[in-house]
Amino acid sequence: MSAELPLASSCHFGDAGCGFPAPGLNEFQFKPIFSVGGIDFNKPMLLSIIVALLVVVFFWAAFAKPRLVPGKLQLVGEIGYDFVKRSIVLETIGKKGEKYVPMLVSMFFFIWLMNIMSIIPFAQYPVTATIAFPAGLAAVVWITYMTLTFKKHGFVGGLKNLCWPSGIPGWVMFILVPIEFFSNIFVRPFTLAVRAFANMFAGHLLIVMFSIASWYLLSPTLGALYGSASFVVAVGLTAFELLVQFLQAYIFVMLASSYIAGALEEAH
């Protein structure tokens with residue numbers, strides 16, 4: 001488990017020899033729950049498995065026996081599925097994106113629920129704040145992107161699709177080709193992973209900091225006023241984080257869709 005908020009501590013503002021217990025990277029370090037074959041199984045792993053099961057069980061329950069007049073569970077499932085399909089996949093890829101909808105819907109809700117874990121009691125940690133999880137998802141997107149690119153265009157055509165922008169004068173290609181190659185092969189998966197990780201990492205750290213400050217400043221002195229202000233900021237940040245959690249899942253899947261769209265794009 002990560003270092004817990006020091007709510008059980010008697011340390012408060014104004015106490016002799018008592019400093020503010022500022023959070024740090026220790027909030028993202030977890031003791032193993034158990035180990036198997038030298039592999040440590042920790043809290044983020046457990047939360048990711050719980051989230052994966054929630055996504056699978058929900059959609060299985062919603063669509064196992066679909067009805068013409070949907071029940072409540074099926075209706076919620078259809079709304080979520082159609083949102084990703086119509087608002088992201090079809091808008092970005094078009095009709096050719098139909099076959100990729102199940103993968104992208106699963107990815108969207110998996111990321112979103114991993115983010116939401118930060119506000120769930122006893123979980124209180126966004127799984128994507130551990131870089132391995134967004135990096136793994138970005139690797140899935142990158143492999144799909146590369147596979148579709150070379151399957152659609154062949155080896156030479158695939159390289160041209162990745163490196164040779166259309167409608168650009170030939171005399172600038174010696175500059176653009178290396179940039180495009182480096183961007184599409186290395187930068188895209190890197191930024192895709194870091195974007196999801198960094199936002200959740202920073203948001204979690206801010207919420208933890210103001211939550212700790214709320215307790216630390218709680219005292220019968222003027223510090224109580226500052227503690228109340230810190231608590232209000234922590235609540236506001238949590239509400240804002242709800243929006244960010246959704247947006248990060250949306251942006252991740254939208255970018256994944258745009259990469260797939262680029263891979264399926266006809267050669268010019």
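# Reading the predicted model

Colleague: Why does F122 count as exposed?

Modeller: F122 has a relative accessibility of 78%. Residues are called buried under 20% relative accessible area, exposed over 50% and partly exposed in between, with a 1.4 Å probe and protein chains only. The value for F122 therefore places it in the exposed class. This is a predicted model, in which local features need pLDDT of at least 70 and side-chain atom pairs count only at pLDDT 80 or more, while totals for chains, interfaces and linings use all residues. Residues are numbered from 1 along each chain as its sequence is written, and side-chain values use heavy atoms, with hydrogens and water left out.

Colleague: What makes the phi of F122 worth noting?

Modeller: Phi of F122 is near 75°, a positive value in a residue other than glycine. Most residues other than glycine have a negative phi. F122 is in the loop between α3 and α4. Q124 is placed in the loop between α3 and α4, and its phi, near 50°, is positive in a residue other than glycine. Q124 is partly exposed, with a relative accessible area of 47%.

Colleague: How many helices and strands does the protein chain have, and how are they defined?

Modeller: There are 6 helices and 2 strands, in the order β-β-α-α-α-α-α-α from the N terminus. These elements are DSSP runs, numbered from the N terminus: helices are H or I with at least four residues, and strands are E with at least two.

Colleague: Why is the pair E98 and K85 called a salt bridge?

Modeller: Their side chains meet at 3.6 Å, N to O. A salt bridge requires a side-chain nitrogen of Lys or Arg within 4 Å of a carboxyl oxygen of Asp or Glu, so the pair qualifies. E98 lies in the loop between α2 and α3 (101-116) and K85 in helix α2, so the pair ties together parts that are 13 residues apart in sequence. E98 is partly exposed at 31%, whereas K85 is buried at 17%. A search of the whole structure finds 1 salt bridge.

Colleague: What makes I33, F34, V36, L46, I50 and L54 a nonpolar patch?

Modeller: Patches consist of residues with over 30% relative accessible area and no salt bridge; like charges are joined within 9 Å, and nonpolar side chains (Val, Leu, Ile, Met, Phe, Trp, Tyr) within 5 Å. L46, at 34%, is therefore over the accessibility cut-off. Together the six expose about 500 Å² of accessible area, computed by the Shrake-Rupley method with a 1.4 Å probe; for residues, only the protein chains shown count as cover. Elements giving two or more residues are β1 (34-36) and α1 (43-63), and α1 gives the most, with 3 residues.
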